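Dear colleague,

I am handing over the structure below, and after it I set out what was found. Please read the notes with the structure open beside them.

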Amino acid sequence: GAGAVGAGAGAGAGAGGGVDLGGIDSSGMTREQARLQLVEFYTRFNPAKLHAVDAILVEYDGRYSKLFQALEARYGKLPPPAPQPAATAPAAAAPAPPPPIP
């Protein structure tokens, strides 16, 4: 692994043009969603990069789809999340009333 994905390549990109989406990607991905996905990516493929997640998000602010295209080109796609098992615990029933005191 040499450097962060796109390190330095995006310096100043987007300045003076385009629409400021306030950290929301054109695909509708928010910064928090991008952060969660980026942490998942680096946890699986390159844990040494976890310290750089926030800096990478700043660099790709509003262009998260481009970030993940670059990551998938380098590392491959993340497998889909495992389906969550249905809750097996029965619904909590109201406790039985105490027996009458004689």
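The buried residues of α1 pack against α2 (53-59) and α3 (64-75), where buried means under 20% relative accessible area, exposed over 50% and partly exposed in between, with a 1.4 Å probe and protein chains only, and where contact means heavy atoms within 4.5 Å. Those buried residues are Ala-34, Leu-38, Phe-41 and Tyr-42. They cover an arc of only 90 degrees around the axis, which puts them on the same side of α1; the arc is that of the directions from the helix axis to the C-beta atoms. The face of α1 turned away from this buried side carries the exposed residues Leu-36 and Arg-44.

This is a predicted model, in which local features need pLDDT of at least 70 and side-chain atom pairs count only at pLDDT 80 or more, whereas totals for chains, interfaces and linings use all residues. Residues are numbered from 1 along each chain as its sequence is written, and side-chain values use heavy atoms, with hydrogens and water left out.

As for the chain, its secondary structure comes to 3 helices and 0 strands, helices being DSSP runs of H or I with at least four residues and strands runs of E with at least two, numbered from the N terminus. Buried residues make up 22% of the 102 residues in the chain. Of the contacts with a separation of 6 or more, 71% are accounted for by residues 24 or more positions apart.

With regards
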